[in-house]
Amino acid sequence: MARKNKYVCIHGHFYQPPRENAWLETVERQETAHPFHDWNTRINFECYAPNAAARILDETGWIVKIRNNYNRISFNFGPTLLSWMAENDADAYELILKADQRSATRFGGHGSAVAQVFSHLIMPLANYRDKVTQVYWGVRDFESRFNRYPEGIWLAETAVDTETLEVLAAHGIQYTILAPRQAKSVRKISNQTAEWKQVDADTIDTRHPYWCMLPSGRKIALYFYHGAIAQEVAFNGLLNSGKSFASRLTRVFDNDHDAQLAHIATDGESYGHHHRYGEMALADAMNYIEDHGEASLTNYGQFLELFPPTWEVQIHENSSWSCVHGVERWRADCGCNSGKPGWHQRWRKPLRDTLDWLRDEITPLFEREGNRLLKDAWAARNDYIEVVLNRSDAAVDKFLKKHQRRELSYLEKVAVLRLMEIQRFAILMYTSCGWFFDEISGIETNQILQYALRAMDYTHDVFGVDLRTEFTRRLADAPSNVLSNGAVSFRQNVIPTRVTLERVATHFAVASLFEADPHGLNLFNYTASVEFFERIEAGTPKFAAGKLRIRSTLSQAEKTFCYAVLYLGQQHIIGNISVSMNRSKFDEMYERTSAAFRAANLGDVIGTLQEYFGPEKFSLSSLFSDEKIKIIQEITQNSLDAAESTFHTVFNENYQLMSALEEANMPLPATWSNIATYVLNADLIDFFERPAMGDLRALNRISNDFKRWNLKLSDAEMFNHLIGKRVLAEIERIELNESSVPRVNWIVEVLKIVQEMDLKPRIWRCQNVFYLITKGYRKGEWVFVNAEWQDAFERLAALLKVRLKV
C-alpha cells in the first residue's frame with residue numbers, strides 16, 4: 001500500500017539534434033557513430049528502444065521482469081526524432097505510442113506523453129508568429145501520432161517568457177515543466193493581499209504545481225522539477241543503482257499529510273546512452289517504489305487533476321534550464337559552452353543577427369505573393385503542417401483547395417509550395433542546437449545554415465532575389481575558432497551539400513551503372529520517371545544512357561534530363577547530362593555512343609559524348625553520400641576479394657609451419673602475423689554474416705587460432721554488435737517444440753565460444769525475446785516434453801541470465 005498523497009513522476013526529454021541532409025531529409029552515414037550508420041541509430045539502440053523493454057534483475061543479476069518504462073514515466077519526444085523512429089525502428093515507435101495509451105489507463109485517463117514545440121527553437125527569442133507556429137505544429141504532430149490532444153508541452157531548453165506561456169494557454173495547453181531557478185516569486189492563491197515571496201533554485205518548493213496567471217486572464221500550471229536530483233541523475237552517478245535512485249526521490253517527502261510530488265526532468269538519453277544500463281536503473285527504481293509502497297507513480301496530468309495548484313508563481317523572463325544567464329547561450333558569448341578550452345563563442349550574436357535579417361527580408365516577399373495566391377498566407381503556413389506530416393499528392397491538393405483564392409495553375413501551385421517551404425526552413429534554421437556548442441563550423445551550426453540556404457534558394461526560385469550574397473557578407477562578421485569566419489565555413493561546409501534537380505539526375509545516372517534496378521532507386525525527397533534507360537556491359541567497362549524526369553516531392557517542381565555515363569573501372573567514371581537535349585538528338589547520340597562502346601572504341605565514346613553534351617562532366621563524386629559509400633565499397637570489394645584469396649592461400653599453405661613455430665616458442669614473422677590477423681578476422685565476420693547456422697568447428701578453430709598466435713580482433717565493438725544481431729536472428733526462429741533443440745544448442749555454443757574470446761556481445765534484445773518466448777513456461781502454459789529440450793533451454797537461459805522459474 002503506497003503512502004497516502006505521496007507521488008513520484010520522472011520526466012524524460014527525448015530529443016536529438018536534426019542530422020538529416022536538408023535537401024534529401026534523410027540521415028546520411030556518420031562515421032563517428034561506428035559501428036552504427038548514424039548517431040540516431042546508435043542512441044536508439046542504447047536508449048530509446050531499451051527503455052521500451054527494460055530489464056529488472058534480481059540480486060544475482062538474473063532477469064526477473066521486463067518493463068516498458070514509457071508506461072510509467074512522463075516523456076516527450078522531438079517530432080523529427082519520432083519521424084525517424086517510425087521509419088527506422090517501427091517496433092520501438094509503436095511501443096512508445098502504446099505506452100501513452102497504457103499510461104492513460106494507469107493514471108486516471110491522463111496519458112504520459114507530452115508534446116514539444118516543433119523544431120526545438122528558443123521560444124523567447126522567436127517572434128510572436130513563430131511562437132504560434134511552433135506550438136500549433138507541435139500540437140498537430142502530437143495529435144497525428146498519439147490520437148489525442150496534448151495536456152502539456154515541452155519547451156526547448158525549458159526556455160520561457162510570458163508571451164510563450166500566453167501562446168501555450170491560448171492553445172489549450174494545461175501545463176509545462178521548468179527548472180527550479182526559473183521561478184522568481186510565489187504566493188498562496190488564497191491570500192491575494194500577501195506580498196510575493198522571492199524564491200530561487202534552492203528555496204522553491206518543487207513538490208506541487210503553481211498557477212501562472214497571465215495578462216490575458218488565462219492561466220497555465222507550471223511544474224518546477226527538483227534540480228538537485230536531476231543533476232545527480234545526469235552527472236553524479238545516481239543511475240548506478242535503481243534502489244538508490246528510488247530512495248533519493250522518496251527522501252523529498254516530509255510527514256505532512258498534504259499531497260506531495262517528487263519529480264525530476266532530465267534528458268531522456270541519460271537512461272541508457274549517457275549512462276549505460278540507465279534504462280535498467282530507471283525500471284528498477286520505479287519497480288522498487290511500487291513494490292515497497294514508498295509512493296504512487298503518477299504523471300503531471302493526473303496530479304494536476306487530483307491536486308490543483310493552491311499557489312501561484314511569477315517566472316524569470318527569458319530563462320532556461322541550460323544557461324545560467326537566461327537565454328544568452330543562444331545569442332551571446334555568455335560563457336556557457338560544451339567545454340572546449342580557449343574557444344570563444346563570439347560568433348553567436350552575428351549568427352542570430354544574420355538569421356533574423358534573412359527572416360525579415362523573406363517576410364514581406366512571402367506576404368505579398370502569399371496573399372496574392374492564398375486567402376491568408378500566415379494561416380496557410382500554420383496549416384502547412386498537414387502537408388509536412390503527409391507528403392502525398394492528395395494531402396497537397398487538399399491543402400491547396402482549402403487555402404487558394406482561386407484555381408491555381410501548375411506554376412502557381414509550385415510557387416505556393418515553395419513559399420511554404422521557405423517558411424518551413426526559415427523556422428527550422430532557428431533550431432537551438434546551432435548555438436549550443438562551441439564552434440560556428442560545427443555540424444549543428446552547419447545544419448541550421450543548410451536550412452537557411454534552402455530558404456534562400458527557394459526565395460530565388462520564386463522571386464529572383466539574391467539573398468545569399470548579403471547573407472554570406474554578414475556571416476563574415478561571425479568569428480570562428482577554426483576558420484577565418486562564419487562565411488568561410490558556410491562556403492566550405494554548407495554550400496557543397498546543396499542538392500538541385502540536376503544533382504538528383506546525376507546521382508541517378510551514376511547509380512544506374514551499378515544498381516540492378518535503377519527504376520527502384522530511393523531518391524528521398526525526389527522521384528524519377530524514366531522515359532528511356534539502357535545499360536551495356538563489356539567486362540569491367542559499362543555504359544548507360546537515359547532520359548528521365550526528376551520531380552521534387554516538396555515543391556512538385558520538375559525537369560527532364562538526358563544523360564550518358566561511362567564506367568572505365570575502379571573509381572573512373574565519365575558522365576554528361578543535359579536539360580535541353582531533345583529526344584531526336586538523344587536518340588542520335590545514343591545510337592552513336594552505344595555502337596562505339598560495343599566496338600570497344602572507348603575513345604570514340606568519350607569524344608561523341610563531348611560533341612553532344614559539351615565539356616562539362618560529372619563523376620563518382622556526384623552521388624549522394626550513402627550511395628557513394630555503397631558503390632565505392634562494391635568497387636573496392638572486388639580488389640579486396642582478390643587480396644583476401646591470396647592471403648587465405650598464404651595462410652593455408654603456411655599453417656603447419658606457423659604451428660611449428662608456435663610449438664617451438666618462436667615468434668611469428670610480422671608478415672605472417674599480419675596475414676593471419678586479416679584472415680581470421682575475415683573468417684569471423686563471414687561466420688556471423690552467413691544466413692545459415694555455421695559449422696561450430698570452424699568457429700572453434702578461429703577462436704583457438706586467435707589465442708595460439710596472440711592475435712587481435714580488428715574491431716571488438718563491431719563484432720559485439722554483429723554477434724548480437726546474428727544470435728537474435730536465431731532466437732527469433734526458436735519454436736516451442738523439440739525441433740528447436742539443435743538451434744538452441746548452436747546458440748549456446750556460439751555464446752560460450754565468443755565469451756572465451758573475451759567478446760561481450762550486445763544481447764539485450766536477445767535476452768528480451770528469450771524472456772518473452774519462455775513467459776508461457778513460467779506461467780505453466782506449456783512444459784518441456786523431454787530432458788534434451790529442457791536441458792538446451794536451461795543452458796541458454798543461464799547464458800542469457802533469464803529465469804525460467806519464478
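K6 has Q260 in strand β12 as its bridge partner, and strand β1 (residues 6-14) runs parallel to β12 with eight bridges between the two. The model is a predicted one, in which local features need pLDDT of at least 70, side-chain atom pairs count only at pLDDT 80 or more, and totals for chains, interfaces and linings use all residues. Residues are numbered from 1 along each chain as its sequence is written, and side-chain values use heavy atoms, with hydrogens and water left out.

**Parallel strand pairs**

- Two strands are taken to pair if DSSP finds at least two bridges between them; strands (E, at least two residues) and helices (H or I, at least four) are DSSP runs numbered from the N terminus.
- Strand β12 (residues 260-267) is mostly covered, with seven of its eight residues buried, where buried means under 20% relative accessible area with a 1.4 Å probe and protein chains only, exposed means over 50%, and partly exposed lies in between.
- Strand β4 (residues 74-77) and β5 run parallel and are joined by two bridges, and N76 has V114 in β5 as its bridge partner.
- Strand β6 (residues 153-154) is likewise parallel to β5, with two bridges; the bridge partner of Q116 in β6 is W154.
- From β5 the chain crosses through helix α4 (residues 128-146) to β6 in a right-handed β-α-β crossover, meaning that, with the strands pointing away from the viewer, the path from the first strand over the helix to the second runs clockwise.
- In a regular strand the side chains alternate between the two faces of the sheet. In β5 (residues 113-116), A113 and A115 point one way and V114 and Q116 the other way, and all are buried.

**Antiparallel sheet**

- An open sheet is formed by four strands in the order β15-β16-β17-β18, with antiparallel pairing.
- The edges are held by β15 (526-537) and β18 (572-578); each has a single partner strand, so one side of each is left without a neighbour in the sheet.
- Strand β17 (residues 558-569) pairs with β18 over seven bridges in the antiparallel sense, and Y563 has I577 in β18 as its bridge partner.

**Nonpolar cores**

- A nonpolar core is a set of buried Ala, Val, Leu, Ile, Met, Phe, Trp, Tyr and Cys residues joined through side-chain atoms within 4.5 Å.
- The largest such core has 192 residues, and I10, Y70, F77, F245 and F471 have the most contacts inside it.
- Helix α14 (residues 410-428) supplies the largest share of this core, ten residues.
- Beyond its neighbours within four places in sequence, F471 is in contact (heavy atoms within 4.5 Å) with residues including T354, W357, L449, M456 and F490.
- A second, separate core of 54 residues includes V741, V750, A797 and V802.

**Buried polar residues in helices**

- E730 lies in helix α26 (residues 716-731) and counts as buried because its relative accessibility is 1%.
- The side chains of E730 and R726 are joined by a polar contact of 2.8 Å, such a contact being a pair of N or O atoms within 3.5 Å; within protein, one must be able to donate a hydrogen and the other to accept it, and residues adjacent in sequence count only if both atoms are side-chain atoms.
- With residues up to four places away in sequence not counted, E730 touches P691, M693, R743, W746 and I747.
- S489 is in helix α18 (residues 486-494) and is buried, at a relative accessible area of 0%; residues up to four places away in sequence aside, S489 touches I440, S441, N446, L483 and V494.
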